[in-house]
Amino acid sequence: QVQLVEAGGGLVQPGGSLRLSCAASGSIRVYVLGWYRQAPGKQRELVARIFSGGSTNYADSGKGRFTISRDNAKNTMYLQMNRLKPEDTGVYSCNEEITASWGQGTQVTVSS
């Protein structure tokens with residue numbers, strides 16, 4: 001497995017922005033990486049995924065507002081979240097599909 005460490009969560013007002021990062025313990029070059037969200041009382045759901053070649057897909061909830069990216073040189077993945085809504089609140093975790101690795105998660109709370 002690869003160790004994944006998220007950072008960048010916090011409390012933000014509706015309409016605000018946050019940038020999450022996920023740092024890996026080794027090279028991420030061949031990995032398929034994703035961001036998942038678990039809201040209170042709900043199942044964990046995919047937010048966005050990025051493949052080794054750079055192609056991406058997004059859940060409908062984040063299309064047009066979220067951007068997933070990766071920096072292979074820094075072994076880090078990012079999630080830029082703009083125009084945040086209260087329903088974006090949850091614990092955001094990063095995942096690597098090939099090794100089935102998960103980070104510990106970072107809390108995002110969108111509230112006025």
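**Figure 1. The chain carries 0 helices and 11 strands.** The model is predicted. From the N terminus on, the elements run β-β-β-β-β-β-β-β-β-β-β. The C-alpha atoms fill a box of roughly 40 × 25 × 20 Å along the principal axes. A compact globule of 112 residues would have a radius of gyration near 13 Å; the chain has 13 Å, so the two agree. Buried residues make up 44% of the 112 residues. Among contacts with a separation of 6 or more, 53% join residues 24 or more positions apart. The accessible surface comes to about 5,700 Å². Carbon and sulfur atoms account for 47% of that surface.

**Figure 2. Arg37 forms a salt bridge with Asp88.** The closest N and O atoms are 3.7 Å apart.

**Figure 3. Asp60 and Lys63 meet in a salt bridge.** Their side chains come to 3.1 Å, N to O. Asp60 is exposed, with a relative accessible area of 64%. That value is over 50%, so Asp60 passes the limit for exposed. Elsewhere, salt bridges that share partners join Arg37, Glu45, Arg65 and Asp88 into one network. The structure holds 5 salt bridges.

**Figure 4. The count of aromatic pairs comes to 1.** Tyr36 and Trp102 form this pair. Their ring centres lie 5.0 Å apart, and the planes make an angle of 65 degrees. That angle is over 60 degrees, so the pair counts as edge-to-face. Tyr36 lies in strand β4 and Trp102 in strand β10 (residues 101-102). The pair links distant parts of the chain, the two residues being 66 residues apart. Tyr36 counts as buried at 15% relative accessibility. Trp102 is partly exposed at 35%.

**Figure 5. The charged ends of two arginines sit over aromatic rings: Arg44 over Trp102 and Arg19 over Tyr78.** For Arg44, the charged end is 3.6 Å from the centre of the Trp102 ring. Trp102 also takes part in the edge-to-face pair with Tyr36. For Arg19, the charged end is 4.0 Å from the centre of the Tyr78 ring.

**Figure 6. Ser93 is a buried residue of strand β9, as its place and its accessibility show.** Its relative accessible area is 7%. Neighbours within four places in sequence are left aside here. Ser93 is then in contact with Glu6, Gly34, Trp35, Tyr36, Trp102, Gly103 and Gly105.

Conventions: Residues numbered from 1 in each chain as written. Predicted model: local features only at pLDDT ≥ 70, side-chain atom pairs only at ≥ 80, totals over all residues. Heavy atoms only, no water. Salt bridge = Lys/Arg side-chain N within 4 Å of Asp/Glu carboxyl O. Buried < 20%, exposed > 50% of the residue type's maximum accessible area, 1.4 Å probe, protein only. Helix = DSSP H or I, 4+ residues; strand = E, 2+ residues; numbered from the N terminus. Contact = heavy atoms within 4.5 Å. Phe/Tyr/Trp six-rings, centres within 6.5 Å; stacked < 30°, edge-to-face > 60°. Lys NZ or Arg CZ within 6 Å of the ring centre and 35° of its normal. Rg over C-alpha atoms; globule rule 2.2 N^0.38 Å. Areas by Shrake-Rupley, 256 points an atom, 1.4 Å probe, with all protein chains shown as cover.
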